[in-house]
Amino acid sequence: EAGMIFWDLFWSFFQIGAFTFGGGYAMLPLIQSEVASHGWMTDTQLVDFVAVSESTPGPFAVNISTYVGMVTGGPLGAACATLGVVLPSFLIILLVARCFARFRSSPIVQGGMSGLRPAVVGLIAAAVVSVGLTVFFPGGVSLDVVQTPGFLVALGVFLLSLLLAFRKAHPIFIICLSGLLGVGAGLLGAF
């Protein structure tokens with residue numbers, strides 16, 4: 001029974017890695033679903049890990065799977081979840097690299113990719129909405145939340161980050177500035 005958590009972590013993240021196209025953010029809805037169905041952590045904890053995963057070096061999917069695995073099963077859980085999420089891509093890339101010349105010009109492959117692109121955008125949009133609701137409305141959508149200092153600070157940081165992103169500010173600068181603003185707001189009691 002105790003070893004079952006390691007298999008659950010590996011298998012859950014293996015499925016996420018195998019059935020998600022478009023990178024880490026497209027994985028977020030599947031990660032949210034798996035984490036919730038297993039009761040591994042709350043939505044708020046997951047959003048915190050999303051922020052940490054985005055703020056640390058390395059691919060988002062590897063970071064978030066490692067964090068979830070570590071919280072759930074310690075170092076061995078982190079290894080199982082990380083191996084699970086990267087193994088499908090590794091195996092698929094080995095196969096594709098071997099047959100790339102034949103796949104590249106195939107109308108079936110080109111058609112499949114054309115069909116997958118909009119789905120990836122939809123999955124990323126769903127993740128943005130889901131994470132946004134958890135960040136801005138942690139207790140559920142209500143007008144009372146809109147008047148809290150925490151909401152106003154979070155909205156201000158979001159809008160500033162959006163403005164800086166459109167002005168092509170370096171992502172590291174935006175992440176560091178947002179973290180500093182969050183620390184400052186936390187010290188002032190806004191959160």
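This is a predicted model: local features need pLDDT of at least 70, side-chain atom pairs count only at pLDDT 80 or more; totals for chains, interfaces and linings use all residues.
How do the residues of the lining of the largest pocket divide into nonpolar, polar and charged?

**Entry 1: the pocket lining.** I found 26 nonpolar residues, 10 polar and 2 charged. The lining comes to 38 residues in total. I then looked for the ones nearest the pocket's centre and noted Ala51, Val131, Val135, Phe158 and Ser161. For the space inside the largest pocket, I wrote down about 1600 Å³.

**Entry 2: the helices around it.** Next I asked which helix gives the most to this lining. My answer is α7, with 9 residues. This helix spans 149-166. I also listed the elements that each supply at least two lining residues: besides α7, they are α2 (24-38), α3 (43-55), α5 (107-136) and α8 (171-187).

**Entry 3: Thr82.** I moved on to helix α4, residues 60-104, where Thr82 lies. Is Thr82 buried or exposed? I noted a relative accessible area of 18%, and Thr82 counts as buried because that value is under the 20% cut-off. Leaving out residues up to four places away in sequence, I see Thr82 touching Val62, Ser65 and Thr66.

**Entry 4: cysteines.** How many disulfides does the count come to? I got 0. Cys80 has a relative accessible area of 16%, so I logged Cys80 as buried.

Definitions and conventions:
Residues are numbered from 1 along each chain as its sequence is written. Side-chain values use heavy atoms; hydrogens and water are left out. On a 1 Å grid over the protein atoms alone, a cavity is a set of points where a 1.4 Å probe fits but cannot get out, and a pocket is an open set with protein on both sides within 12 Å along at least five of seven lines; lining residues have an atom within 4 Å of a point. Grid points are joined across faces, edges and corners, and a volume is the space filled by probe spheres set on the points. Helices (H or I, at least four residues) and strands (E, at least two) are DSSP runs, numbered from the N terminus. Ala, Val, Leu, Ile, Met, Phe, Trp, Tyr, Cys and Pro count as nonpolar, Asp, Glu, Lys and Arg as charged, and the others, Gly among them, as polar. Buried means under 20% relative accessible area, exposed over 50%, partly exposed in between (1.4 Å probe, protein chains only). Contact means heavy atoms within 4.5 Å. A disulfide is a pair of cysteine sulfur atoms within 2.5 Å.
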